[in-house]
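Colleague: Before I use these labels, I would like to hear what each one rests on. Could you take me through them?

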Amino acid sequence: MIDLRSDTLTRPTPGMKKAMMEAEVGDDVFGEDPSINALESLAAGIFGREASLFCPSGTMTNQIAIKVHTQPGDEVICSDLAHVYIYEGGGMAFNSGCQARPVQGDLGRITASQVEQVINPPDDHKARTALVCLENTANRGGGSCYDLQEIIRIRALCQKKGIRLHLDGARLFNALAATGQTARQFGGLFDSISLCLSKGLGCPVGSLLIGDRDLIREARRVRKKFGGGMRQAGFLAAAGTYALNHHVDRLVEDHEHARLIAAALAKKSFVSNLFPVQTNILIFSVTGSWNPETFAVQLKQQGIIVMPISPTQVRIVTHLDISPAMVDQVCACIEGLKD
Ligand SMILES: Cc1ncc(COP(=O)(O)O)c(C=O)c1O
């Protein structure tokens, strides 16, 4: 099967498996796993920051960040399409006692002036605005990327108002590959960055929370409380180090594959509202002679799995396990569908 539902579906490559099997490990709750320590300092260095923390998932790194940046009763500004708002099980309320202030952005991206309009004044009736969360790339925005100047404006506003800024960078390396922006530019703009290893980078497990030493020390305490302290997890961290060394430069191939599939879709009259394809995620509407379900069933009969994500929309995600030959097959299949 050619599985295009998500970039989380990848399996470790032979090189990654070898690195995992050969990893030197220790007890990370004691701070003694050399492979985890190596990954954490590698990632911090890439972003020009002091420290990072290896965690089981991107949900956990986001939730830890929200916990360390807020107090119960605080408000968190984010896009109405943000993963922290719609896909983390109400975690910011459950774990941190916070409420979201969702803002309707453009393909999951919000602006400094939108943020400014929803920052609460110091009024006892109002929740304290404590945190702004951005997502880059924005998953539900079709893998859209932020303009760096907008982030710089949001950063300046947050600094002026004493509000923390967190980045859900689950697919940040996709954004960097697509825009030419650098990890250090992002490292200098956020109080914390969550980076997933288990998406475009192809690891079986793992995310990193990146920030300054004091924040990461506190994050380590919260990770323990959330049950995320792992022991000989260096086997997993070794996959992360391998991915940072071998799977970053190739992300442009996934983006090219997404563009090829988009071109095939664009020729079909039943496809509309295809979001601009900047990275590895395609979101589009299926109407007319097909609907998302019938479209997905038809493709499945030809060995291709896609994901209906709403009554009108389908999502396709390219990734490490999708080869150029598979992309050709997908394009031919789409082109063969009757209009
Ligand atoms: C933008 C974004 N943030 C966070 C996550 C959470 O990652 P995990 O599945 O590792 O919890 C995802 C997962 O798809 C995501 O797309």
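This is a predicted model: local features need pLDDT of at least 70, side-chain atom pairs count only at pLDDT 80 or more; totals for chains, interfaces and linings use all residues.

Colleague: Which residues of helix α1 are buried, and what makes them line one face?

Modeller: The buried residues of α1, which spans residues 14–21, are M16, A19 and M20. Buried means that 20 or more other C-beta atoms lie within 10 Å of the residue's own; 12 or fewer is exposed, and in between is partly exposed, with C-beta atoms placed from the backbone. Seen down the axis of α1, the buried residues fall within an arc of 100°, so they line one face of the helix. That arc is taken over the directions from the helix axis to the C-beta atoms. P14 and M21 are exposed and sit on the face turned away from the buried side.

Colleague: What covers the buried residues of α1, and why is the packing called oblique?

Modeller: The cover includes α11 (234–246). The axes of α1 and α11 come within 8 Å and cross at roughly 140°, which makes the pair oblique. Under 35 degrees would count as roughly parallel, over 145 as roughly antiparallel and 65 to 115 as roughly perpendicular, the rest being oblique. Axes are lines fitted to C-alpha atoms, for helices over the stretch in contact, and angles run from 0 to 180 degrees between N-to-C directions.

Colleague: Which residues make the contact of α1 with α11?

Modeller: G15, M16, A19 and M20 of α1 and F235, A238, A239, Y242, A243 and H246 of α11. By class these are eight nonpolar, two polar and no charged. Ala, Val, Leu, Ile, Met, Phe, Trp, Tyr, Cys and Pro count as nonpolar, Asp, Glu, Lys and Arg as charged, and the others, Gly among them, as polar. Contact requires C-beta atoms, placed from the backbone, within 7 Å.

Colleague: How does α2 pack on α11?

Modeller: Helix α2 (residues 34–46) packs on α11 at about 35°, with the axes 8 Å apart, in a left-handed crossing. Among the α2 residues that meet α11 are I36, L39 and L42.

Colleague: What makes α3 and α10 roughly perpendicular?

Modeller: The axes of helix α3 (residues 58–69) and helix α10 (residues 213–225) come within 9 Å and cross at roughly 115°. They are therefore roughly perpendicular to each other. I64, K67 and V68 in α3 meet L215, E218, A219, V222 and R223 in α10; five of the contact residues are nonpolar, none polar and three charged.

Colleague: Why does L107 count as partly exposed, and why is N273 exposed?

Modeller: L107 has 18 C-beta neighbours inside 10 Å, so it counts as partly exposed. N273 has 12 other C-beta atoms within 10 Å and is therefore exposed. L107 has a positive phi of about 50° although it is not a glycine, and lies in the loop between β4 (99–103) and α6 (112–118). N273 likewise has a positive phi of about 50° without being a glycine.

Colleague: Which residues does a cis peptide bond join?

Modeller: N136 and T137, with omega about 0°.

Key. Residues are numbered from 1 along each chain as its sequence is written. Helices (H or I, at least four residues) and strands (E, at least two) are DSSP runs, numbered from the N terminus. Two residues are in contact if their C-beta atoms, placed from the backbone, lie within 7 Å. A crossing is left-handed if the near helix is turned anticlockwise from the far one by less than a right angle, and right-handed if clockwise.
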